[in-house]
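Please look over the structure before reading the points.

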Amino acid sequence: MDLKEQKYVCTLAECKSLTRASERLCISQPALSLYINNMEKILGARLFERNGRKFELTWLGKQYVEKASQMLELQFEAVRRQTDRENAGQVRIGIAQRRGIWFLPAVLSVYEREWPQVDVVIREGNLADLTIMLKNRELDLVVLSQSDVTSEMEAVPLGMEDFLLILPGDHPLNEKAVPVEGSKFDFLDPHFLSGETIFLNTEMQSARRVEEKILKDYKVKPGRVRVVRNMELGAQLVAEGLGVGFIRQGYQKNIHYPKPVKYYTIDISRYGQDVVVAYRQDVELTKPMRAMIMQMKDAAEEYLKF
């Protein structure tokens, strides 16, 4: 509802000066004067008595201002309530358990200071669970890999995550690694893994598809495959010398072992994964949701940094 007419009259009534009123309204004096004169012509009566440069309300002007002030107050209250609704509410986030441990604390520590009135709900699960919850409108945002985004989702990139090979620190294959210019990690040709015990994720996890692609592309024939749901558990088993495995870059940064391990890049251009935050295409993002996405992007720069 446009209450410009009411705002102009009430401001001039309060300021009693065309100069001060026009400055407050950010319009020119001639424009405000013309507007008031046209209003009075339409009403067929004066709202103001002019006494030099001073504007005083007539009896009719006082009645008008009383009603106009009430209308402006109602509009202000409506805008305030709408703003409160837009800046409050709930944001429901879905994320894989291990990724959530190291990624979300940095996000929420900032977000909840800036948006204290927003209730943040965290749901952890595997890819299948999170996809179903988003489809059923039980989640607003889901953090996952770009390769797992469906046609029903919109996705905002957070950054690229490398997929690393992990070996025990004393494994003989460490001698076959070669340096990679510009990378923190050396390269180890995965075809050397044939005959090794290899830890893989479950088929319900998105990492499994990447792991299987690596084995297929390099024609690796494992001596034994051992399946673990928890990528951190697999890495700990590797540290104990029980086999070799794979790990996401973001996980590697935050896992520490009492026994040494070695990490190797494979080919980030082929196996690196874009990490994204996704939402349903038919959902209009609220202000708190947009703010959450922006905070995730800021936090991802550190989370995915080598």
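A disulfide is a pair of cysteine sulfur atoms within 2.5 Å. By this rule the count here is zero disulfides. The model is predicted, so local features need pLDDT of at least 70 and side-chain atom pairs count only at pLDDT 80 or more, while totals for chains, interfaces and linings use all residues. Residues are numbered from 1 along each chain as its sequence is written, and side-chain values use heavy atoms, with hydrogens and water left out.

**Cysteines**

- The closest cysteine sulfur to that of C10 belongs to C15 and is 11 Å away, which is too far for a bond.
- C26 is in no disulfide either, as its nearest cysteine sulfur, that of C15, is 12 Å away.
- C10 is buried, at a relative accessible area of 12%, whereas C26 is exposed, at 70%.
- Buried means under 20% relative accessible area, exposed means over 50%, and partly exposed lies in between, using a 1.4 Å probe and protein chains only.

**Residue S145**

- S145 belongs to strand β5, residues 141-145.
- Helices (H or I, at least four residues) and strands (E, at least two) are DSSP runs, numbered from the N terminus.
- S145 is buried, with a relative accessible area of 1%.
- Apart from neighbours within four places in sequence, S145 is in contact (heavy atoms within 4.5 Å) with R99, S206, R248, Q273, D274 and V276.

**Helix pairs**

- Two packed helices are described by the angle between their axes and the distance between the axes.
- Axes are lines fitted to C-alpha atoms, for helices over the stretch in contact, and angles run from 0 to 180 degrees between N-to-C directions.
- Angles under 35 degrees count as roughly parallel, over 145 as roughly antiparallel, 65 to 115 as roughly perpendicular and the rest as oblique.
- Helix α1 (residues 4-15) and helix α3 (residues 29-43) cross at roughly 110°, and their axes come within 11 Å.
- This angle makes α1 roughly perpendicular to α3.
- On the α1 side the residues are K4, E5, Y8, V9 and L12, and they meet L32, Y35, I36 and M39 of α3.
- Helix α5 (residues 97-114) packs with helix α11 (residues 287-303) at an angle of about 125°, the axes being 9 Å apart.
- The helices α5 and α11 are therefore oblique to each other.
- Their contact includes W102 and F103 of α5 and M292 and Y303 of α11.
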